[in-house]
Amino acid sequence: MEDFWAGVLWALRIWLYLIVCLIMIPAMFGFSLGISETYMTFLVKTLEWATLKIQKAHADEQELKALASNGLIKRENGSMEKELGELRRSRPKPPVGGDFTLSDSFYFTRRGIESIVEDEVTQRFSSEELVSWNLLTRTNNDFQYISLRLTLVYGLGIFVRYCILAPLRITLACIGLTWLVIGTSAVGLLPDWRIKSWISEWVHVMCYRICARGLSATIHYHNRENKPKKGGICVANHTSPIDIVILCNDGCYAMVGQVHGGLMGVVQRAMVRSCPHVWFERAEMKDRHLVTKRLRDHVNDKKKLPILIFPEGTCINNTSVMMFKKGSFEIGGTIYPVAIKYDPKFGDAFWNSSKYSMVSYLLRMMTSWALVCNVWYLPPMHQKEGEDAVQFANRVKSAIAHRGGLVDLQWDGGLKRAKVKESFKEQEQKKYSSMVVGEDSHSD
Amino acid sequence: MGSRASTLLREEEIEEIKKETGFSHSQITRLYSRFTSLDKGENGTLSREDFQRIPELAINPLGDRIINAFFPDGEDQVNFRGFMRTLAHFRPVEDNEKNKNLSNTEPLNSRTNKLHFAFQLYDLDRDDKISRDELLQVGAALAHGDTRVCYVGGGGGGGGGGRFGLNVQLQAQLAGPALLCNVCSADFGLVQIMPPSSGPSGSSPVVTCNCCELAVT
């Protein structure tokens, strides 16, 4: 019996040594031994092979797949004016204007049915649909029996992911987080010399690098010359809390957010000791003026790290960018937009917070293939003369959507939980009535 | 979702829906996955709230009426069969279907059924008549009570109150592609998801409705 425990202890020690030598030390100094690169090449080859096999087996279903990616319905996508005109074409009256016509309801009916079959908003709050199965059983493509070889590869995949990668990744994540708490607390004890911020940054980046390895993250940064600089605000689209790890791998940011309890709270309190993050109490968060003031003070201090904000306010499923809340654009200062796009082939990065808790989400991520991600730094943007915060927010959002290859949506991500405001319906009605009556189109 | 959903839908059920609605197998599985993602209560049926959670539908001035069309007998739940039956009205008529006249029952996406569906959006009390009030209510729903929009032309059909009978639409179906009343501006076209490349085309014969008490010309 004692021999057994000695053996276990010995194995554990080797395990830890290996982790420290092969992962921790490279992570600390930001170089790579090429292990993850080899794993990635191997993974890409395997998935390509699987895709090919699946395609061959389902040559007849290709049509269906094409349909799945293009959607079920054909939309006209004309403006209300154009489409109503079309409907009224056979009338001996001017196509637009005049009065209410029975056929006008057809336009609204069609729009309504279209949105029931497929809508722009609610599908952004559930996992992205994949065109081809990626040998994971958690997307729109469930396990499919195609051939014995593919099933064997799938089984092997389960073994590798759950028995080798998952324990390794969990160990790394734990080490990373503990290190972050200890490291930042220790740095907090240092006197306020210039070297303090330098060490603080190093500790932060190091811990995030360890965590990123805990997710097997392969991150491609583009246009690094546009990296956010001190005294600026970095705004990015939001897919999951991992976004923070992704961005902080390449530099430090000051976080903004609510004070949490539990594990998050411990990490937050430790972090704020070493460098000035902006945490708010729940009650303070409601006071918009206070929030804006504290952020403005932070931005005006050119020595402080750039603030990182996700203006969508909620996680979107990596296919689109939804409305940016105007708050972050009212602070002033330079805005550094960043577009983040994950590769869904290797695992679904979207955090569906209504379905999974934080921990179970992280476990899912750690049992996925990997986390492959592109980050684009966009050129800094400034509010233009005569442009209000909302317009500026929209301009930044379009730039991010365009760069990241995401769909640019006007809708509020808050609709995940809340209902649409009645006023949006009224707007639609006003649009119709002003179109029909004609003369008061200037009134809105 | 996706294929996971299709496993919950039995093959014979798909066949039945296919026969009833004319949707293809892949369309049915896709719509089933949509149905299950809308079904927040996860009980296999949709309620009015489930529909109202679609923002684009919630802002639609006729949204409530469209939702009502899924609950023909005043129930408060609709199952997948019922859901598909309502959607089937919007399936485009395909070219190869047009010339075929083999089935004894009329397909749900026939011209008459499409018109009937549109008619029912107006006919709130379901008495197969559109009353003046009902017409005004649609006007009000579309235009948020802008009175310049909500009037009914002509003032014809005094006494009993101007009413568009369903039979007018059936006449229209016989008469040609679009119904048009040049007195009270009543105008019926076609509704369909995925409309054919050209809209309702051809010169339409002029038809007057019986609210104007004029003969069909």
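Visitor: What does the model have for residues 65–70 of chain A, where pLDDT stays under 50?

Guide: This is a predicted model, and over residues 65–70 of chain A it has seven contacts beyond four places in sequence. Where pLDDT is low, the predicted coordinates should not be read in detail. Residues 439–444 of chain A also have pLDDT under 50, with six contacts beyond four places in sequence.

Visitor: How many residues of chain A reach a pLDDT of 70 or more?

Guide: The share is 88%, and the mean pLDDT of chain A is 83.

Visitor: Why is A:Pro26 called buried?

Guide: The cut-off for buried is under 20% relative accessible area. A:Pro26 has 2% relative accessibility, and therefore counts as buried. The residue lies in helix H1 of chain A, which spans residues 2–29.

Visitor: Which residues does A:Pro26 touch, leaving out those up to four places away in sequence?

Guide: They are A:Val20, A:Cys21, A:Phe31, A:Leu33 and A:Arg213. A:Asp287, by comparison, is 261 residues from A:Pro26 in sequence and 44 Å away in space, C-alpha to C-alpha.

Visitor: What makes A:Thr314 buried or exposed?

Guide: Its relative accessibility is 9%. Buried requires a value under 20%, so A:Thr314 counts as buried. Its position is the loop between strand S5 (307–309) and strand S6 (320–321) of chain A.

Visitor: What makes the pairing of the side chains of A:Thr314 and A:Lys416 a polar contact?

Guide: The two side chains come to 2.9 Å, and the limit for N or O atoms is 3.5 Å, so the distance meets the definition. Beyond four places in sequence, A:Thr314 touches A:Lys416 together with A:His238, A:Gly413, A:Gly414 and A:Arg417.

Visitor: Which residues touch the most other members of the largest nonpolar core?

Guide: That core has 48 residues, and those touching the most other members are A:Ile116, B:Phe51, B:Phe70, B:Phe80 and B:Phe83. Beyond its neighbours within four places in sequence, B:Phe70 is in contact with A:Ile113, A:Ile116, B:Phe51, B:Val78, B:Phe83, B:Thr86 and B:Leu87. A second, separate core has 39 residues, including A:Leu215, A:Tyr221, A:Val267 and A:Val375. In soluble globular proteins, nonpolar side chains tend to be buried together.

Visitor: What share of the residues of chain B counts as buried?

Guide: Of its 217 residues, 49% count as buried. Chain B contains eleven helices and six strands. Among contacts in chain B with a separation of 6 or more, 60% join residues 24 or more positions apart.

Definitions and conventions
Residues are numbered from 1 along each chain as its sequence is written. Chains are lettered from A and ligands numbered from 1 in the order in which they are written. This is a predicted model: local features need pLDDT of at least 70, side-chain atom pairs count only at pLDDT 80 or more; totals for chains, interfaces and linings use all residues. Side-chain values use heavy atoms; hydrogens and water are left out. Helices (H or I, at least four residues) and strands (E, at least two) are DSSP runs, numbered from the N terminus. Buried means under 20% relative accessible area, exposed over 50%, partly exposed in between (1.4 Å probe, protein chains only). Contact means heavy atoms within 4.5 Å. A nonpolar core is a set of buried Ala, Val, Leu, Ile, Met, Phe, Trp, Tyr and Cys residues joined through side-chain atoms within 4.5 Å. A polar contact is a pair of N or O atoms within 3.5 Å; within protein, one must be able to donate a hydrogen and the other to accept it, and residues adjacent in sequence count only if both atoms are side-chain atoms. pLDDT is the predictor's confidence in each residue, from 0 to 100.
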